[in-house]
Amino acid sequence: MGTIPQLHPINPSPLQNPLTTKKPRSHSTTFSILKVAETQLSASLPPFHCLNGYDEPNSLKSVKIMHAQIAKMAKDKNSDAKMQYLITSYLIFGDFRSSAMVFFLGFAQNYLHWNSFVKEFTSFGGDPFEILEVFCQLHNKRVSFGSRVLTIVLKLCANVRVVWLGMEVHASLIKKGFDRDVYSKCALMNFYGCCWGIEYANQAFDEMPDQEGLLWNEAVLVNLRNEKWVEALQLFKEMQFSFVKANSVTLAKIVQACGKVEALDLGKQIHGYIIRSALESNVWVCNSLIGMYSRNNSLELARAVFDLMEKRNLSSWNSIISSYTALGHLHDAQKLFSDMESCNMDPDIITWNSLMSGHFHCGLYREVLILLQRMQAAGLKPSSSSITSGLQAISELSYLSLGKELHCYVVRNGFSNDLYVGTSLLDMYVKNDSLTYAQAVFDSMMNRNIFAWNSLISGYSFAGQFEDAIQMLNRMERAGIKPDLVTYNGLVFGYSTWGRNKEALSMIHHMKVSGLTPNVVTWTSLISGCTQKGNFMDALDFSIQMQEDGIKPNSATISTLLRACASLSSLQKGKEIHCMAIRNGFMEEVYVNTALIDMYAKCGSLASAYEVFGKIQDKTLASWNCMIMGFSIYSQGKEAILLFNEMQEAGIQPDAITFTALLSGCKHSGLVNEGWKYFDSMKEDHNIIPTIEHYSCMVDLLGKCGYLDEAWDFIERMPITPDANVWGALLGSCRIHGNLKLAEIAAKNLFKLEPHNPANYLLMMNLYAASGRWEDVDNIRDLMGVKMATLGQWNVLVQKSQVCHQLSQDGQMAHHREMGVNSNLSVLMTTIPKIAKKPMTGCDRYLLEEKKKKKEILSYKFKQSYLYSTIPVGQPKMEYRIINKRRMDLDIFISKKYDSILRPYSLFLSHWVGFPFKFDRICNLIKDKRLILNC
């Protein structure tokens, strides 16, 4: 299409190029009756229909003949109908220019006709630019137009962003003296607000000497269209002080603004104004009130407005349903959905999208996909929003095959060029570790925003493919897209997750050099990556460095640091982080509270964990699960069951994690009947299909309680293939009860599933040694060598007060008090047997004869260093916390227990590999309550 011809020369505009760089807004103002720019709502006229007395034209030539006949006739009362019929005929045969010509020369003075004409013009595929071209041609031919036609043209210029033609029309209005006309002024305000900026629109309003009601309404709406919510609300207040009445459109829009800025009190006041103005029955106003109240978390008031509505349209139902889904009230939303169908109101795509979005934000990803299928079954074609929700749900569920199916649907239905769908596809493949497909999707995207670049760079970074990530970063810069904080934060997290902290710090330095300021998300990414890698001490050190740089932690930082403290069993440091959370006002954050419960539980302070749990006002499922697991860890299965009952009474529905915690509590407490009860209730009462974790807990429960035959039958009847956890639980139980037959079956499967795990070989070697089958011990040792299942490096972290000591397998910790260590070890090894009434030779590590074991105990270098770490040096009543990342020998635990009796200090032992013996056997040794075992 050619450019729009210019009008005759007019006085040059005082604005010369100043704001030509302003980007047009993504949405346009719709034309309507007498409102110039959305100042009134009214029903549009019915479409044009055939004119009586004329034959149905069958070609463009016959339309032109009919046009000539009408032009020769004198005007009468049917002239407008003839013009309508003529315009429609031209549109049917694709002559858009002639239809616009008839409109301008026929009856453009009538706004009602203008509204219908533009609507029908575009419905036939006409381009609004052609209307402006016809106007310019007529104007250049000296056709004189009145203020209403110029106002209409100005509106169209605003919609299609024809900036300089709009300026010329403004000049023409001034020349003809129409610039004081209220409708022309409203059109000018709309034009300047859309094309030049809100400041010029407000200036046009201020220049009007007589600010009538229509101008006030338009001034408020122009500010709202430019998302100047606060300014619009202020104008609305001034409008009331000027005793100007707001119309229904302005009230509907200003109520929405109250929702945007969360001004609940002001919204209530406007609601009162609506009632006084007798507009409470207006459907559009009520729909806006529903949205405003829901945005301000006042769902009861939103529902009250909905229930009081005499007439409800589809938007009314969508507003209330989306309000419930947005706030997580999915059950009520589903009920409203059913009521909607019972009222013969068919849900549209917006209804379904609201339900899918709500289920996604509540973590119900499978339900999102079910809703997508139901929507298609109802005969609706998914929109880009529907597909985006489906892809996001697939990303969380890691359903790669289903994601590929949806990708095919995207290609078949022409959504490939949709930016949001393409970005969601890319993200889905990245989260499913399919970087090859992700790269292919990225390369096929016609338009790429920065989110697409960041997603792929983060994907490569998280996968450890840093060369590809840096290549994409360089490619991004060559494409003229400047990396932002999200780009670098993804790289920082990736480097730290893979233990490359130096590169992560280097990336932070590069951010500063490039002009970006690392924020709290940057440092939290670094800390979180270290925590996931297991570099907990580094995570705590980086938190100190973050605060030294003047960055205050947020709730995510606090939660991550608490997880690090929990992994280190560093109670004192965890308490410090707790204080930090209180000072920064994060105690209302549910994630922080859940992390606090987990930290205190893993650090042996179950009372503190329960205290934090009790102070949570709105307990989420995660909070209940964490507290139940805390009780389960410390063999308080009955307390875990009581808490589970409280959770159900509170109306919280359990999930699979809840039952994992419950079964763990039953396992540690030996509650066989209760374990069976809750395992059976999963599917029967809660429709939760047991996973391999639940089956593993049941095998462990039955086995450790001595029901080995039942455990074996249970494994044989499992509907899913047993994994290493199941066989490991059975082998551990066989080690406790000395069942060599079942142990060999379990070990055979474990050697296939985990050929490089040394713990499985050691358990069988101990079993054979206990039975005196030394030849089989040698065979397992040889097999262990063939499989290269080495024990690796043993590391023990010992915390004395605020100082942490790292001990290795060799006990290599040079210290000036090493001689004292050996001396104290000898004293302790001779004192403990007198208390225990028998030598400590029940060690899993030593597959030796009984006489050699005692000598081996004294010469075990690792234990010497281990003992050194717990010798109090002139500081009575101290607490020592020992964290071992490998299985610890039984005699080490016993020696520490008796040492704590002989010496005035408290000891906490924690490790992450299960005991090869009954937990109760250790608990019975604890008489003075100063030894806490966390297994």
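Student: How many nonpolar, polar and charged residues does the lining of the largest pocket have, by class?
Tutor: Let's sort out the terms. On a 1 Å grid over the protein atoms alone, a pocket is an open set of points with protein on both sides within 12 Å along at least five of seven lines, and lining residues have an atom within 4 Å of a point. Ala, Val, Leu, Ile, Met, Phe, Trp, Tyr, Cys and Pro count as nonpolar, Asp, Glu, Lys and Arg as charged, and the others, Gly among them, as polar. Sorted that way, the lining of the largest pocket has 14 nonpolar, 18 polar and 5 charged residues.

Student: What kind of model is this?
Tutor: Residues are numbered from 1 along each chain as its sequence is written, and side-chain values use heavy atoms, with hydrogens and water left out. Local features need pLDDT of at least 70, side-chain atom pairs count only at pLDDT 80 or more, and totals for chains, interfaces and linings use all residues, since the model is predicted.

Student: How much space lies in the largest pocket?
Tutor: A volume here is the space filled by probe spheres set on the grid points, which are joined across faces, edges and corners. For the largest pocket that comes to about 1800 Å³.

Student: Which element gives the most to the lining of the largest pocket?
Tutor: Helices are DSSP runs (H or I, at least four residues), numbered from the N terminus. The elements that give two or more residues to this lining include α16 (314-326), α18 (349-361) and α37 (672-686). With 6 residues, the top giver is α18.

Student: Where does the largest pocket lie, going by the domains?
Tutor: Domain bounds come from an automatic or database domain assignment. Two domains both give residues to the lining, so the largest pocket lies between domain 1 (245-345) and domain 2 (346-445).

Student: How many disulfides does the count come to?
Tutor: A disulfide is a pair of cysteine sulfur atoms within 2.5 Å. By that rule the count comes to 0.

Student: Which cysteine sulfur is the nearest to that of Cys157?
Tutor: Cys157 is in no disulfide, and its nearest cysteine sulfur is 7.7 Å away. That sulfur belongs to Cys136.

Student: And Cys705, how far away is its nearest cysteine sulfur?
Tutor: Cys705 is in no disulfide either. Its nearest cysteine sulfur is that of Cys666, at 9.7 Å.

Student: Is Phe243 buried or exposed?
Tutor: Phe243 is found in the loop between α11 (229-241) and α12 (248-260), and its phi is positive, near 60 degrees. Buried means under 20% relative accessible area, exposed over 50%, and partly exposed in between (1.4 Å probe, protein chains only). At 78% relative accessibility, Phe243 therefore counts as exposed.

Student: Where does Ser635 lie?
Tutor: Most residues other than glycine have a negative phi. Ser635 has a positive one of about 60 degrees although it is not a glycine. Its place is the loop between α34 (621-633) and α35 (637-649).

Student: How many residues of α8 are buried?
Tutor: The expected span of a helix is 1.5 Å times one less than its number of residues. For α8 (residues 182-195) that gives 20 Å, and its end C-alpha atoms are 20 Å apart, which agrees. Just after α8, Gly197 takes a positive phi of about 135 degrees. The helix is mostly covered, and the buried count is 13 of 14.

Student: How far apart in space are Ser386 and Asn353, C-alpha to C-alpha?
Tutor: Ser386 is found in helix α20 and counts as buried at 0% relative accessibility. In sequence, Ser386 and Asn353 are 33 residues apart. In space, C-alpha to C-alpha, they are apart by 5.7 Å.

Notes
1 Å grid on protein atoms, 1.4 Å probe; cavity = no way out; pocket = protein on both sides within 12 Å on 5 of 7 lines; lining within 4 Å.
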